[in-house]
Amino acid sequence: MKIVAIGDIVVPCELLEEAAHAIAGEREHTVKTILWPCENRQEFQKKSLNLEKNGPTAEKVPEEAYTEIADADILLTHFCPVPADLIDAGKKLKLIGTCRGGMEHVDVNHATGRNIPVIHCIRNAECTSDFAIGLMFAETRNIARAHAAIKGGSWRKDYVNSAYTTSMCEMTLGLVGLGHIGKLVAKKAAGIGMKQILAYDPYVSQEALDAQGLRVTLVSQEELFRRSDIVSLHMRLTPETKNSIGAEQLGWMKPTAYLINTSRAGVLDKDAFVAALQSRSIGGAALDVFWEEPVPADDPLLALDNLTMTPHTAGNVVDALPKSPLLLAKVIQDYWAAGRSDMVVNQSALKA
């Protein structure tokens with residue numbers, strides 16, 4: 001077995017090499033490490049944002065990768081792009097693994113055409129789900145706005161939502177997307193006693209949720225938006241989901257309801273979103289992801305008084321990155337043992 005591991009300045013080759021040895025276990029194997037070069041973290045962030053916006057052909061792959069993948073069985077990466085031509089260069093390739101949740105840097109459709117499983121790990125699932133719950137509290141109870149007011153010398157008591165502020169246990173939560181993070185949010189929302197938890201996800205069955213003991217009711221997208229007091233987005237950004245939450249969906253929401261987004265900005269139609277907040281047709285919102293980062297000084301988002309914003313920090317905890325390669329290794333081992341995994345992003349499309 002040959003494993004090619006492409007590290008970078010954030011998840012170094014040494015960590016991916018350790019994960020590769022863990023994946024192989026007692027099997028005879030070789031590991032080849034390659035560095036996806038970035039001079040500093042600023043360059044890495046620029047490249048990664050380009051990949052997230054424009055896909056796996058937006059940045060260059062090290063030439064060495066094309067040579068080494070020719071006889072490789074497994075490719076492991078963090079953020080190095082995996083375009084179609086790199087996949088095609090891997091004539092023996094049987095699995096692609098990435099130690100992050102987003103898949104924008106991998107041509108998943110091309111891998112599926114080759115019947116190659118693409119597996120990921122959501123290294124920051126716990127902290128992102130924590131953060132989503134935190135944003136719900138911050139926006140519905142005006143925590144960030146109250147803090148800013150006091151720092152600015154004002155003892156503020158009245159807010160846009162003062163007429164309908166209530167406790168979380170009186171609210172119905174709607175989750176759009178019920179993957180790993182969505183399910184964690186559901187568990188935590190149940191733990192704090194939210195009134196009801198609804199979800200919309202065409203790839204999940206009620207029977208599977210019941211078997212997992214999740215107190216979640218699957219409903220249509222329209223029913224979710226109409227009934228929920230808080231709508232939280234947990235969707236991957238794909239051509240199908242881009243701008244899929246738009247004027248129609250926002251128009252279904254109650255004027256007292258809140259929208260939370262810790263997934264990807266691109267799933268939300270920005271113009272429709274800003275218009276809904278400006279017109280007060282929804283109660284408020286909280287964002288940790290943006291269409292342009294950092295947010296430009298003239299962005300209309302900055303003028304809204306019913307929006308809580310954080311600078312894409314939901315997944316930022318000190319231990320997420322170092323642990324991610326070994327977490328990926330465990331996910332792959334579990335997949336081999338069970339024959340399937342929710343972490344295989346193209347599971348349903350693979351041939352038996």
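Isoleucine 230 is in contact (heavy atoms within 4.5 Å) with Met136, Thr140, Met168, Met171, Thr172, Leu173, Gly174, Met194, Tyr258 and Ile260, leaving aside neighbours within four places in sequence. The model is predicted: local features need pLDDT of at least 70 and side-chain atom pairs pLDDT 80 or more, while totals for chains, interfaces and linings use all residues. Residues are numbered from 1 along each chain as its sequence is written, and side-chain values use heavy atoms, with hydrogens and water left out.

The largest nonpolar core has 77 residues. Such a core is a set of buried Ala, Val, Leu, Ile, Met, Phe, Trp, Tyr and Cys residues joined through side-chain atoms within 4.5 Å. Buried means under 20% relative accessible area with a 1.4 Å probe, protein chains only. Leu76, Ile119 and Ile230 touch the most other members. Another core, of 31 residues, lies apart from it and includes Ala265, Val267, Ala272 and Leu287.

Valine 231 is buried, at 0% relative accessible area. Beyond four places in sequence, it touches Gly174, Val176, Leu224, Phe225, Met253, Tyr258, Leu259 and Ile260. Its C-alpha atom is separated by 22 Å from that of alanine 303, 72 residues apart along the chain.

Terms used:
Buried means under 20% relative accessible area, exposed over 50%, partly exposed in between (1.4 Å probe, protein chains only).
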